[in-house]
Amino acid sequence: MVYTAKKWIYARAFGGEPKLDNFCLEEEIMPDIREGEFLAKAEYLSVDPYMRIYILSYPIGSVMIGGQIAQVLESKHPEFPVGAYVFGQFGWRTYAICNPTGIATRKPYVLPDFGVLPRSLGIGTLGTVGNSAYFGFLEVCRPKSGETVVVSGAAGAVGNIVGQIGKIKGCKVIGLAGSDVKCRWLEEIGFDYAINYKTTDIGEELLKAAPEGVDCYFDNVGGEISAIVKKQMRHFGRIACCGTISMYNGSPIQVEDPQRDFVSKQLVQEGFSVHRWTDRWFEGIEQNLKWINEGNLKYRETITEGFENMPLAFIEMMKGGNIGKAIVAVE
Ligand SMILES: NC(=O)c1ccc[n+]([C@@H]2O[C@H](COP(=O)([O-])OP(=O)(O)OC[C@H]3O[C@@H](n4cnc5c(N)ncnc54)[C@H](OP(=O)(O)O)[C@@H]3O)[C@@H](O)[C@H]2O)c1
């Protein structure tokens, strides 16, 4: 059987916000698989903020990077049998050939059994995104019951999960998001407060929501928003630096130096990559799955139909068009 893959190429260097002409669609006839390889067909593809910055270290003309859920169609690898659904970092392409041997981080794996839940969660709450929230929040912020947690990018893929885990752990949770619709949804899923950072004075609203100050800050955005939150941290507060999306399109915002607060309040700030917990990967997935099944963790996806619309889905996500996880369904 001959398979012709479609693939999205990083064709022109990004300048500011991504645009459609940064990408071009190409086709590739897939070769036969060799010993140790498998061939898989994409079902759901992920669009994520990191793609905007990580692709910069690849040459122009590279296939866009990214994870996907795919079904194995041919296999010469015993751990990836025909028919299995896998998660793999195969890029923006409809067919991929993979030799998993030697891949250390972001290695492909057969999806655990999600029961009746959609497989697409494997690139969302039950995948890298869910694990970023689970490990990043619990291991870096180390929240205690009764503490106050602030999450930026709160209505996004990682942020909404962090806030819900905060509630599971008995914290007061405040989310920052970019629209009233997003804020209403955050309150629906249990956030105590949601602040629209585009239409309000974040500092003032935060003071009302958390007059006692902030113990844990899970930071998805960096920049000015984070500088304001950091000013309202309590002594011995913990900050998990998950991402800095406000900086990803270039032109960094000038902010007042927050270092002073770090020293006087003895704050701890720690950056992390979710792949630090590769050896505990399935613990995160299983716990999030359990919380979903118990009704304590809600999930939401913004699904774009059609592989042809990958650039559009990515561009929209970078502009805030998603609630929950942004994904692309191939068919
Ligand atoms: N450290 C790790 O291992 C790891 C793993 C996964 C993700 N991340 C990082 O975590 C962050 C969130 O990722 P995600 O996958 O959950 O994406 P996401 O939040 O689902 O999508 C991006 C969101 O960012 C917000 N945004 C865009 N521009 C912004 C700006 N200038 N200021 C503030 N918010 C802005 C938008 O929401 P609004 O409408 O609210 O603006 C948009 O919906 C990103 O920084 C990402 O790089 C890190």
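1. Helix H3 gives the most to the shell around the ligand, with three residues. Please keep in mind while reading that this is a predicted model. The shell counts 30 residues, and those that come nearest to the ligand are Gly156, Ala157, Gly178, Gly243 and Gly320. Helix H2 (128-141) and helix H3 (157-168) are the elements that give two or more residues to this shell.

2. What is the make-up of the shell around the ligand, by nonpolar, polar and charged residues? There are 15 nonpolar residues, 13 polar ones and two charged ones.

3. The protein chain has two parts to look at: domain 1, made of 4-124 + 300-329, and domain 2, covering 128-274.

4. Now for how the domains meet. Their C-alpha centres, for domain 1 and domain 2, lie 29 Å apart. Across the boundary, 13 residues of domain 1 are in contact with 15 residues of domain 2. On the side of domain 1 that touches domain 2, helix H1 (50-54) and strand E15 (325-329) each supply at least two residues. That side of domain 1 divides into four nonpolar, six polar and three charged residues.

5. The axes of H2 and helix H8 (residues 281-293) come within 9 Å and cross at roughly 95°. Angles of 65 to 115 degrees count as roughly perpendicular, and H2 and H8 are therefore roughly perpendicular to each other. From H2, the contact is made by Gly130, Asn131, Tyr134 and Phe135, while H8 brings Trp281, Gly284, Ile285, Gln287 and Asn288. By class, the contact of H2 with H8 has four nonpolar and five polar residues, with no charged residues.

6. You will find Leu126 in the loop between strand E7 (109-110) and H2. Is Leu126 buried or exposed? A residue counts as buried if 20 or more other C-beta atoms lie within 10 Å of its own; Leu126 has 25, so Leu126 is buried. Setting aside neighbours within four places in sequence, Leu126 is in contact with Phe114, Leu121, Ile285, Asn288 and Leu289.

7. Two backbone angles deserve a check by eye. Arg142 has a phi near 45°, a positive value in a residue other than glycine. Arg142 lies in the loop between H2 and strand E8 (148-151). With 14 other C-beta atoms within 10 Å, Arg142 is partly exposed.

8. Phe236 lies within strand E12 (residues 233-241). Why is Phe236 classed as exposed? The cut-off for exposed is 12 or fewer other C-beta atoms within 10 Å, and Phe236 has 10, so Phe236 is exposed.

Terms used. Residues numbered from 1 in each chain as written. Predicted model: local features only at pLDDT ≥ 70, side-chain atom pairs only at ≥ 80, totals over all residues. Near = placed C-beta within 6 Å. Helix = DSSP H or I, 4+ residues; strand = E, 2+ residues; numbered from the N terminus. Nonpolar A, V, L, I, M, F, W, Y, C, P; charged D, E, K, R; others polar. Axes fitted to C-alpha atoms, helices over the stretch in contact; angles between N-to-C directions. Parallel < 35°, antiparallel > 145°, perpendicular 65-115°, else oblique. Contact = placed C-beta atoms within 7 Å. Domains from an automatic or database assignment.
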